[in-house]
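The following questions and answers concern the structure displayed below.

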Amino acid sequence: MPAAADGTALAPRAWICRATPPASASAQGTSAGPLAGLSFAVKDNIDAAGVPTTAGCPAFAYTPTASAFVVQKLLDAGAQLAGKTNLDQFACGLNGTRSPFGAVPNAFNPAYVSGGSSSGSAYVVATGQTDFSLGTDTAGSGRVPAGLNNIVGLKPSRGLISARGVVPAAQSVDCVSIFARTVATAVQVLESAMAHDALDPYSRRLALASEPFAPAFRFGVPATLEFYDDGAAEAAFREAVARLQALGGTPVAIDFAPLAQVAALLYESALVAERYTAIRSFFDDHEAEVVEPVRSIIAAGRQYSAADLYEVQTELKRLGQQADAMWSCSADGRSEGPPQARPAPPGGSEPHAVGSVGANIDVLVVPTAPTHYTIAQMQQDPVVLNRRLGAYTNFVNLLDYAALSVPSAVRADGLPFGITLIAPCGSDWQLADLGQRYHHATGLTQGATGLPLPAMRAIAGLRKPAMATAMVRVAVVGAHLSGMPLNTQLTERGAVLAGPAETAPDYRLFALQGTTPPKPGLLRVGAGQGACIALEIWEMPLAAYGSFVALIPAPLGIGTLALRDGSTVQGFVCEPEALHGALDISHLGGWRAYMTSLKTAAA
């Protein structure tokens, strides 16, 4: 731990440096742009002009004259840079304790690790200090901290975001990653950050899939899962599988062995030589300045020959061929054929497919991290416990997959649990769409802030699904809103969010008495005599509409609503007789605002 001028130890912290007013010109975003009004932090292995880059090693520090390509893209989009964040030194670790600047604590319990290496970037987002942040992800550093801190970690397809101006860890598989409290914000950032960069040797022009996963999708689950005796994590994952089933998914057991073997190659083969190559000149001259166990891990890269590297690259290709057969289509687009049946994985209830060949899955689902460890535990056994945190992350970049970590639960012990959705390169928007629906179905709050999730946003990069059957638009105003308790009644029927809207100023909204879960009543009172009430419009297959309407209890029903733009839509209305004694909440403008007001009052 570094010392202050008087010799006293500096307290562990998430920030390495903050932008102080007046902020430097390099930290100022434009006054307009898609990210205007949002603040962000960057992991301190990413350059910001005029601000030292340390990579978690003071002896390595240098001051760049230009910002990293991605940082400049975000500034140009209007975001404001708040500062640089702590990390596992040289982005080597998954726990957040391997820094001379101190261990970054978990946002929910400071005795526990934050996850790394992008530890500080996750912490400042989870605690509400910035709207989003940048991390890097080689082995899971953009996902593990998200899962351990109840936030979203978007690990894009490799090369989608330029890594020019980033101190590499293993350059051929590095990704710049995004942390946010909602999927919608992460997507908004990715839209501004992604661009081909001819000066980055690993930048790629990628055509992203524009069709969402089908309403009835198939998700892979490892047939054998290891939680290291953490019963709370195991139970949380069972709940996650059940929630995905409620969203329309069918669980499919897959053979995880090829993926586990790929994960092992990252640190137990000649692939580790790339970590040594990344900082070879500095490391050879300043090895003693590098903390353990980072020093030993990087030094191990010296022992391998070029022949060793070719050998492991061939093995990686072989394992990749095995693993890729689990996806719904082979590389040439042909279906791999019908799967065989076998008992369900944890959380499943029906027979389903198994095996890496012919599994026909659309998305793979794993725990983001299998367990939590305290900072003290991690420091006592830093290699083994760190490796455990990466059990379900290390293989992803090596196999050229995209991934999205989303919050799933807060366990009984108060610690967060997240899941990661994984699919082939180019599936970024598809993962975002499913991840957003999943996150909102949990009913969780944002990070460690206690704030409720806002309304979902449509993923702009996705086309609306082809309408093989007639669709009906239905407006919801209360407990069926995204993130609310009854939203699954929509999603499990294949409904998709069309977007937010408002009623004409002819309605009043009431909080009904004695309803479980709490519900509002919407009443039309006459032209100009009410208020504009916020709602969401969903598109549902007509074939499922009847079963949805059948679930609506009196005094609620479906009627025709007039919208602020002059159009009409089918939506929830209430019988006037039920409103006697109900609380008029029209002045708040909607049910979500009312529920937020209750939380604020309770706090």
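Q: Which elements cover the buried residues of helix 2 in this predicted model?
A: The model is predicted, and helix 2 spans residues 119–126. Its buried residues have a cover that includes strands as well as a helix, helix 3 (144–149). The strands named in that cover include strand 1, strand 2 (39–43), strand 3 (80–85), strand 4 (132–137) and strand 6 (175–180).

Q: How many residues of helix 2 are buried?
A: Among the buried residues of helix 2 are Ser119, Gly120, Tyr123 and Val125. Ser121, Ala122, Val124 and Ala126 of helix 2 are buried as well. Helix 2 is therefore largely enclosed by the rest of the structure, with a buried count of eight of the eight residues.

Q: Which residue with a positive phi follows helix 2?
A: Helix 2 ends at residue 126. The residue with positive phi that follows helix 2 has a value near 80 degrees, and it is Gly128.

Q: Which strands form the edges of the sheet of 11 strands?
A: This open sheet has mixed pairing and the order 1-3-2-4-6-5-12-13-11-7-8. Its neighbouring strands are turned by 30 degrees against each other on average, direction ignored. An edge strand of this sheet pairs on one side only, and the two edges are strand 1 (15–18) and strand 8 (250–254).

Q: In strand 13, which residue is the bridge partner of Pro407?
A: Strand 12 covers residues 401–410 and strand 13 covers residues 416–424. The two strands run antiparallel and are joined by nine bridges. In strand 13, the bridge partner of Pro407 is Gly418.

Q: What angle does the direction of helix 14 make with that of strand 12?
A: Helix 14 (residues 428–442) packs on the sheet. Helix 14 touches strand 5 (152–155), strand 11 (363–367), strand 12 and strand 13. The angle between the directions of helix 14 and strand 12 is about 0 degrees.

Q: By how much are neighbouring strands of the five-stranded sheet turned against each other on average?
A: This open sheet has the order 15-18-14-20-19, with mixed pairing. Its edge strands, each pairing on one side only, are strand 15 (496–502) and strand 19 (556–562).

Q: In strand 20, which residue is the bridge partner of Thr560?
A: Strand 19 and strand 20 (residues 568–574) run antiparallel. Seven bridges join these two strands. In strand 20, Thr560 has as its bridge partner Gln570.

Q: At what angle does helix 16 run to strand 18?
A: Helix 16 is formed by residues 542–549. Helix 16 lies across strand 14 (471–476), strand 18, strand 19 and strand 20. Its angle to strand 18 is about 125 degrees.

Q: Are helix 1 and helix 4 roughly parallel or roughly perpendicular to each other?
A: Helix 1 (residues 69–76) and helix 4 (residues 183–193) pack with their axes 8 Å apart. The angle between them is about 110 degrees, and the range for roughly perpendicular is 65 to 115. The two helices are therefore roughly perpendicular.

Q: What classes of residue make the contact of helix 1 with helix 4?
A: Helix 1 contributes Val70, Lys73 and Leu74 to the contact. Helix 4 contributes Val189, Ser192 and Ala193. By class, the contact has one charged, one polar and four nonpolar residues.

Q: How many residues apart in sequence are the parts that Glu536 and Arg592 tie together?
A: The side chains of Glu536 and Arg592 meet in a salt bridge at 3.1 Å, N to O. Glu536 lies in strand 18 (residues 534–541) and Arg592 in helix 17 (residues 591–602), so the pair ties together parts whose separation in sequence is 56 residues.

Q: Is Arg493 buried or exposed?
A: Arg493 meets Glu492 in a salt bridge at 3.1 Å, N to O. Glu492, at 40% relative accessibility, is partly exposed. The relative accessibility of Arg493 is 17%, and the cut-off for burial is under 20%. Arg493 therefore counts as buried.

Q: How many salt bridges does the structure hold?
A: One of the salt bridges joins Glu292 and Arg295 at 3.6 Å, N to O. Arg158, Arg204 and Asp400 are linked in a network of salt bridges. For the structure, the number of salt bridges is 22.

Definitions and conventions: Residues numbered from 1 in each chain as written. Predicted model: local features only at pLDDT ≥ 70, side-chain atom pairs only at ≥ 80, totals over all residues. Heavy atoms only, no water. Salt bridge = Lys/Arg side-chain N within 4 Å of Asp/Glu carboxyl O. Buried < 20%, exposed > 50% of the residue type's maximum accessible area, 1.4 Å probe, protein only. Helix = DSSP H or I, 4+ residues; strand = E, 2+ residues; numbered from the N terminus. Pairing = 2+ DSSP bridges. Axes fitted to C-alpha atoms, helices over the stretch in contact; angles between N-to-C directions. Contact = heavy atoms within 4.5 Å. Parallel < 35°, antiparallel > 145°, perpendicular 65-115°, else oblique. Nonpolar A, V, L, I, M, F, W, Y, C, P; charged D, E, K, R; others polar.
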